[in-house]
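User: I have a structure open and want to go through it piece by piece. Can you take my questions as they come?
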Protein chains: 2
Amino acid sequence: MEKIAVDVMGADFSPREEVLGAVEAVKEWNIPVVLVGDQNAILPILKETGNDRNPLIEVRHTTEVIGMDEHPARAFIKKPKASVALGASLVKEGLCGALVAPGSTGAAVTAGLFKIGRIPGVERPAILTPLPNEKGNTTYLIDSGASANPKVQTYLQNAMLGYAYAVKAAHIKHPKIGLLNIGAEHTKGSQLVTEAFELLSKQKTIPFAGNAEGRDVLTGAFDVIVTDGFTGNVVLKFGESTGHFFEVLLKETIEKGGAAAKIGALLLKSALKRYFLKRVDYAERGGAPLLGIQKGLVICHGASKAKAIKNAVRQAENICEADMTDMIINTMKELEDSYHLR
Amino acid sequence: MEKIAVDVMGADFSPREEVLGAVEAVKEWNIPVVLVGDQNAILPILKETGNDRNPLIEVRHTTEVIGMDEHPARAFIKKPKASVALGASLVKEGLCGALVAPGSTGAAVTAGLFKIGRIPGVERPAILTPLPNEKGNTTYLIDSGASANPKVQTYLQNAMLGYAYAVKAAHIKHPKIGLLNIGAEHTKGSQLVTEAFELLSKQKTIPFAGNAEGRDVLTGAFDVIVTDGFTGNVVLKFGESTGHFFEVLLKETIEKGGAAAKIGALLLKSALKRYFLKRVDYAERGGAPLLGIQKGLVICHGASKAKAIKNAVRQAENICEADMTDMIINTMKELEDSYHLR
């Protein structure tokens, strides 16, 4: 197995939750990790868990960090030894197979772009976010925030990257790939997305299943939902907030509902934790891979706890094993040769 | 009170639910209505409810209807006597103060644009959708689907229309108006939305509270969320689907959770209906007004039942009473004079 670099700095609960999560991934799946960050903060946590001499855990020391409120590109230039940059360098140099990066999404994308580097031909990398769906499996939203100014080709590229991930990493043989739009008919949508529909319909390399509306994201009718980074980011953040919204409403309902409601809620509680919350908890899925770069990079929520980091490390290892790069290059070549689509 | 025209054709449960909903609005609030549609279908329902001689209920007969699967503009030309066109004409001619239009959103927008007509200076009308928020009141999303190809000015115009509605119809004295974007900082977002941010920040006529992220839509931190019709429509449809998603998950949870979970759910059920569902049910709010036209038009969900129609009739009456037109014209004039923003 390839080593996974974990940036343990710069997120809400750094470095503690990152270190604990990485340790759990080592224990559960024997995945070797390199913890990138302040060794004076990391070593006590390793000691505490009895892992200070675990041969599967290395530490790469740095004290520089890019905060979530910093301008990513500017901070990146100012802090060449920032943990996220150092982690990406380990991947670039081949010492690690992938990087897990919690905290600033912008800093992670910048590190992916400028340290690990794009796959030749990919114009902009895209973030793929796994979402739970009604069928009990996963729908992948791409792009959920890497690039906010799409061109028509961006949609084709995102479809191609999502396709490669679905087949190689998620092992879906014939993924259903939909274009996020405001109507099911091909004439619907903004001019840009209507043109993207035409482009996707014309080519035959990537299987294209037509338009998906906002209401189709969670049904499981599509395996991959293709969109731009602006729309995708709005949908993702809105979706995350609905959980909290329903929680607030449920608490009020129990409050107002009297004794019956309170006893009912108590009786239901353990099942809710075991089944309901497990399904909607992003920590169960880990993070969101940045696709279109030469190696793996999994971006995690700034508020990630150990469980999310643990699962992100496994996701990162899975991306190493999937090795999508060849498929992406071949798919691009086929699109280019047959349809002059670049 | 002004009469409200109700298009009773062309939606999922037409004409029955439209007629029943209108009748309820008459009974509850004495709002006079004009039912537009096939009298041979309408009259038996009125008779059944003992309202065939109710002086507050008129019928305007037509059998032509624009279906939800038809191309709105084309159908509009082909069917000049379609119920939605006839209803809009009643409003245009001053016989009714506003139109309630369930079914095809495209047909309703077309009727608003070409029959009722824009307020001079408004480039494109916008759909305002009331959404429930965590604070227990309403956040208004504008535009939720009228125009999918925004220019920078579109955001300013939508902010202006949302502001007028918030003040005049929703009676919010100092509404907080946010711009839907992918970050809180002013540098974040697509080029278009970043420019819209600058434009909104520069003017001082409309109160502008800065960027709102997807996660801020349901918190109640903003009264009005300004966006384009593409993003707004995706958010709206996605939001509607989350209710169903959580319902599916809850059913599975109860199924898997054994006896305790089943009894718990039974005990909680009546409180859920009374408090939780009441808050998320769009039928409680009615429909989504089309703003920027000379008179009122409330667009309703194609699947509207009587309760939604009833509340939409009240909403329509409320819009008549609010009379936003002067405020919209004055606000536009002020923006134009002071900031040359047209």
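Analyst: What follows covers the sheets, some helices and a few single residues of this predicted model.

User: Start with chain A. In what order do the strands of the open sheet run?
Analyst: The order in chain A is E3-E2-E1-E4-E11-E10-E5-E6-E9-E7-E8, which makes 11 strands in an open sheet with mixed pairing.

User: Which strands stand at the edges there, and why is one side of each left without a neighbour?
Analyst: The edges are strand E3 (57-61) and strand E8 (211-212) of chain A; each has a single partner strand, so one side of each has no neighbour in the sheet.

User: How many bridges join E2 to E3 in chain A?
Analyst: Five bridges join strand E2(A), residues 33-37, to E3(A), and the two run parallel. Within E3(A), His61(A) is the residue opposite Gly37(A).

User: Which helix packs on E2 and E3 of chain A?
Analyst: Helix H2 of chain A, residues 39-48, packs on the sheet and touches E2 and E3 of chain A. The direction of H2(A) makes about 160 degrees with that of E3(A). Helix H1 of chain A, residues 16-29, lies across E2 and E3 too, along with strand E1 (4-7) and strand E4 (98-102) of chain A. H1(A) runs at about 175 degrees to E2(A).

User: Now E10 in chain A. Which of its residues are buried, and on which side?
Analyst: Strand E10(A), residues 288-291, is covered on both faces. Ala288(A) and Leu290(A) are buried on one side, Pro289(A) and Leu291(A) on the other. In a regular strand, side chains alternate between the two faces of the sheet.

User: What does E10(A) pair with?
Analyst: E10(A) pairs in the antiparallel sense with strand E5 of chain A, residues 126-132, over two bridges. Ala126(A) is opposite Leu291(A) in that pairing. E10(A) also pairs in the antiparallel sense with strand E11 of chain A, residues 296-300, again over two bridges. There Pro289(A) has Val298(A) as its bridge partner.

User: Which residue in the hairpin of E10(A) and E11(A) takes a positive phi?
Analyst: Gly292(A), with a phi near 100 degrees; the hairpin has four residues between the strands.

User: Switching to helices. At what angle do H8 and H9 of chain A cross?
Analyst: Helix H8(A), residues 229-256, and helix H9(A), residues 258-280, cross at roughly 130 degrees, and their axes come within 6 Å. That angle makes H8(A) oblique to H9(A).

User: Which residues make the contact?
Analyst: From H8(A), Thr253(A), Ile254(A), Glu255(A) and Lys256(A); from H9(A), Gly258(A), Ala261(A), Lys262(A) and Ala265(A). By class, the contact of H8(A) with H9(A) has three nonpolar, two polar and three charged residues.

User: Ser104 in chain A: buried or exposed?
Analyst: Ser104(A) is buried, at 10% relative accessibility. Ser104(A) sits in the loop between E4 and helix H5 (105-116) of chain A.

User: What does its side chain reach?
Analyst: The Ser104(A) side chain reaches the backbone nitrogen of Ala107(A) at 3.0 Å. Beyond four places in sequence, Ser104(A) is in contact with Gly67(A), Met68(A) and Pro72(A).

User: And Phe222(A), where is that?
Analyst: Phe222(A) is in the loop between E8 and strand E9 (224-226) of chain A. Phe222(A) counts as buried at 7% relative accessibility. Apart from residues within four places in sequence, the contacts of Phe222(A) include Thr139(A), Lys176(A), Asn211(A) and Asp216(A).

User: How far is Phe222(A) from Pro130(A)?
Analyst: The two are 92 residues apart in sequence and 12 Å apart in space, C-alpha to C-alpha.

User: Chain B next. How do E4 and E11 pair there?
Analyst: Strand E4(B), residues 98-102, and strand E11(B), residues 296-300, pair in the parallel sense over five bridges. Ala101(B) has Ile299(B) in E11(B) as its bridge partner.

User: Which strands does H7 of chain B lie across?
Analyst: Helix H7(B), residues 191-202, lies across E7 and E8 of chain B, at about 160 degrees to E7(B).

User: Last one. Which residues does Thr242(B) touch?
Analyst: Leaving out residues up to four places away in sequence, Thr242(B) touches Leu218(A), Thr242(A) and Phe246(A). Thr242(B) belongs to helix H8 of chain B, residues 229-256, and is buried with a relative accessible area of 3%.

Technical notes:
Residues numbered from 1 in each chain as written. Chains lettered and ligands numbered in written order. Predicted model: local features only at pLDDT ≥ 70, side-chain atom pairs only at ≥ 80, totals over all residues. Heavy atoms only, no water. Pairing = 2+ DSSP bridges. Contact = heavy atoms within 4.5 Å. Axes fitted to C-alpha atoms, helices over the stretch in contact; angles between N-to-C directions. Parallel < 35°, antiparallel > 145°, perpendicular 65-115°, else oblique. Nonpolar A, V, L, I, M, F, W, Y, C, P; charged D, E, K, R; others polar. Buried < 20%, exposed > 50% of the residue type's maximum accessible area, 1.4 Å probe, protein only. Polar contact = N/O pair within 3.5 Å; in protein donor to acceptor, adjacent residues only side chain to side chain.
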